[in-house]
Number of protein chains: 2
Amino acid sequence: MITPNQLHHLGEFGLIARWRNQLSQRAGVRLGIGDDAAVLDSLQVPIVTCDGLVEKVHFRRDWTAPRALGRKAISVNVSDIAAMGGRPVAAFITIAIGPNDDLEFLEELYAGFEEAAADYNLSIAGGDTVRSPTELMLNITVIGDAPMPILRSGAQVGDLLLVTGTLGDSAAGLALLQNPSLTVPAAAGTYLLQRHHDPTARLAEMQAALQMSPVTGQLASVPPDVTAALDISDGLAGDAAHMAECSLVSLEIEVAQLPISPSCQETAAIMGVSALDWALRGGEDYELLLCVPSHLAHDVQERITKATGTQVTVIGRCVPRTSDAVILIYPDGTRAAAGSAFSHF
Amino acid sequence: MITPNQLHHLGEFGLIARWRNQLSQRAGVRLGIGDDAAVLDSLQVPIVTCDGLVEKVHFRRDWTAPRALGRKAISVNVSDIAAMGGRPVAAFITIAIGPNDDLEFLEELYAGFEEAAADYNLSIAGGDTVRSPTELMLNITVIGDAPMPILRSGAQVGDLLLVTGTLGDSAAGLALLQNPSLTVPAAAGTYLLQRHHDPTARLAEMQAALQMSPVTGQLASVPPDVTAALDISDGLAGDAAHMAECSLVSLEIEVAQLPISPSCQETAAIMGVSALDWALRGGEDYELLLCVPSHLAHDVQERITKATGTQVTVIGRCVPRTSDAVILIYPDGTRAAAGSAFSHF
């Protein structure tokens, strides 16, 4: 067991030197950790995203293993890069280390960063290491390249609305953590916790949708087969509303089509709550919401599933703007305006 | 007075919308705040730096006005970009807002960000807004372009060692904050506090040294007139040691040549401490340490001073590597190894 005291003894430069040796530099980085700034290879269209992660707000040490936390911190940023139609190149990690942190925890966290970096073929190329008087705080910035960025504002009336994977799993996993006395089948519990703790950014899925070269980032088809995209991090209802508002369209969602996993359904039934509510309003799904011209939707679906095994579901369509940004259509034909997003604040 | 409660009411998206309207987008940014990621114009050689700033570790609310804190948070990152020989393009701000923050404080902080962004001609193009259970925390990532980056590893034996401005002022300012009962001349106090709270990144100075086009970032002379550079943030002695180690040279520093302001000298005398120690080991100077081939040193000095008014002092030279990375030479010819850097951790 390595104590906080040893951490202090190692110091800022000792920690940086240690991590520098553990982190692989991949293509795209000319100069990583160690100078005033990192130096990257030329970027055609640089895209940049940041996520702050604060202990007791975004994660709890007793719920999340540090390696999974490290993986997730990278994945949620790569998810944003994927949603823009980009390739991630480099991540920059600022860590504010609190008095409760020990070297063992930090080494596992960095092992998680590096595992995810390898998965997504990016480099951890810099950041800052500082002290926190209380909680651990992280900021991850990921820089990517997107020769033809896909914005959330590009949705066109007539487009179909596609979603990758299943929705609500992360919220179900969180509910299990919040209700430890609950009894659910082990397989469902394992699956949902994994979806909550260790989401996979849908990078390969977006690259398949766009027929993008993973090396150059160039698209096989111009204009792109996807007109608008975002990653669902605040719940489908709220994120779809952002897309609708940015695109000046309304989005109709067929409630019966929403992809909800058996594990999520099962857990909701045991808890006596609505799986649909988790799917619509649960956060942290990190699935992609895509708008695709209707005549291309089948091809896009097939390409994604063939390349990655991930299911893709048509859940609705873009319609001319009305007073409601997102309209839910129930199996009996009832229509209702969807609610708003989860606010992190 | 706007209360924390109103802050909560405004929410994450309300805050983002508010700030989005206050922040100007300048050249180089295609798409700022509002999508999954920001989109920048093509970058020839992207350079990236991050700084974490944590309340009670890096700043105290009773010592620092929020507007100055906002300015400084940008300046310290631009200082790193300047030291690499780059132009800043975009800043990304992650803010973890604590229970003690109110909207007035945050508005002033963002006004400071925007003032500094205007000064350095960069855009605040994104970030993340989250909640902190305790202290305010910031991470600033700045991305720039440096067609020909100047590294700290490029120093050559025979180069002269130049420093911009004066050293030790920030440490003297900090000493005044730590000793409020001290009596010093008002002008000295004002100057030193300003140097501590609101340092100016030496961007124009580096551009003058390199004869760099502020628009394209191209250098008039190749190879560049500066062989190695860094910004002095951890104290001259420590930062010079980093440069010496990266460049595999030793650096001789003439103690009598170190530029120390009259205000710093005066305050040190009143406190009965060593101004030289502040100059060598005080942190947060944000002056540039430059290595320049000896036949170019006079030209570089003159160009910087002519363009910016900032004094530039030759403080030493690069010599073949010995067991000591940095050697201090006193007026009587005594030689001593310099100590180590300030560790932030």
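**Helix α10 and the overall fold of chain A**

In α10(A), five positions are named as buried: A297(A), V300(A), Q301(A), I304(A) and T308(A). Viewed down the axis of α10(A), the buried residues fall within an arc of 100°, so they line one face of the helix. The model is a predicted one. E302(A) and K306(A) lie on the other side of α10(A) and are exposed.

Helix α10 of chain A covers residues 297-308, twelve residues. At 1.5 Å a residue, α10 should span 16 Å. Its end C-alpha atoms are 17 Å apart, which agrees. Just after α10(A) comes G309(A), with a positive phi of about 80°.

The wider setting is as follows. Chain A contains ten helices and 13 strands. Its radius of gyration is 21 Å, close to the 20 Å given by the globule rule for 345 residues, so chain A is as compact as a globular protein of that length. The C-alpha trace of chain A spans about 65 × 50 × 35 Å along its principal axes. Of the 345 residues in chain A, 58% are buried. Contacts in chain A were also sorted by sequence separation. Among those between residues at least 6 apart in sequence, 84% join residues at least 24 apart.

Terms used
Residues are numbered from 1 along each chain as its sequence is written. Chains are lettered from A and ligands numbered from 1 in the order in which they are written. This is a predicted model: local features need pLDDT of at least 70, side-chain atom pairs count only at pLDDT 80 or more; totals for chains, interfaces and linings use all residues. Helices (H or I, at least four residues) and strands (E, at least two) are DSSP runs, numbered from the N terminus. The radius of gyration is taken over C-alpha atoms; the globule rule is 2.2 Å times the number of residues to the power 0.38. A residue is buried if 20 or more other C-beta atoms lie within 10 Å of its own, exposed if 12 or fewer, and partly exposed in between; C-beta atoms are placed from the backbone. Two residues are in contact if their C-beta atoms, placed from the backbone, lie within 7 Å. The expected span of a helix is 1.5 Å times one less than its number of residues. The arc is that of the directions from the helix axis to the C-beta atoms.
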